[in-house]
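Me: Got a structure I'd like to go through with you. Can we start with the pocket?

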Amino acid sequence: MYHEYYSAAYRRRSWVIRWLINAIALLVTAAILPGVQVKTVFTALLAAVVMGIVNAFVRPIFLILTLPLNLLTLGLFTFVLNGLMLLLAALFVPGFTVSGLWSAIGGALILSLVSSLISKIARA
């Protein structure tokens, strides 16, 4: 049985919506946390793309490599790993800066919370 969510147009539309949600969440995170700075909306859009690429390709490798440490800390090291991914994305995007590891960890936490909240609102 064929449904709309199998179509290429639906997948593209949902990808664009997810990208915009992450860019908005990044702008909100930068407004809340002084250690995260985004200069323009275009920078936020570009950073959202780079974060998506980093989370899709680099993060799984790091999750596997740090699995023993993650098990030892009962999953809490994942917060550090998410912060490191945010720092890595900031290295590649001019105009997007994260001032340190603690700002990155806090920024990754706020970013995921805001992104989840906006996604839930968008679905309603």
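Me: Which helices each supply at least two residues of the lining of the largest pocket?
Reply: α1 (8-32), α2 (41-65), α4 (77-92) and α5 (101-123) do. Helices here are DSSP runs of H or I with at least four residues, strands are E runs of at least two, and numbering starts at the N terminus. This is a predicted model: local features need pLDDT of at least 70, side-chain atom pairs count only at pLDDT 80 or more, and totals for chains, interfaces and linings use all residues. Residues are numbered from 1 along each chain as its sequence is written, and side-chain values use heavy atoms, without hydrogens and water.

Me: Which one gives the most to the lining?
Reply: α2, with eight residues.

Me: What volume does the largest pocket have?
Reply: About 550 Å³. Its lining has 24 residues, and the closest to the centre are Asn22, Met51, Gly52, Asn55 and Leu111. A pocket is an open set of points on a 1 Å grid over the protein atoms alone, where a 1.4 Å probe fits, with protein on both sides within 12 Å along at least five of seven lines; lining residues have an atom within 4 Å of a point. Points join across faces, edges and corners, and the volume is the space filled by probe spheres set on them.

Me: Switching topic. What pattern does the chain follow?
Reply: α-β-α-α-α-β-α along the sequence. That is five helices and two strands.

Me: And what does the C-alpha trace span?
Reply: About 45 × 35 × 25 Å along the principal axes.
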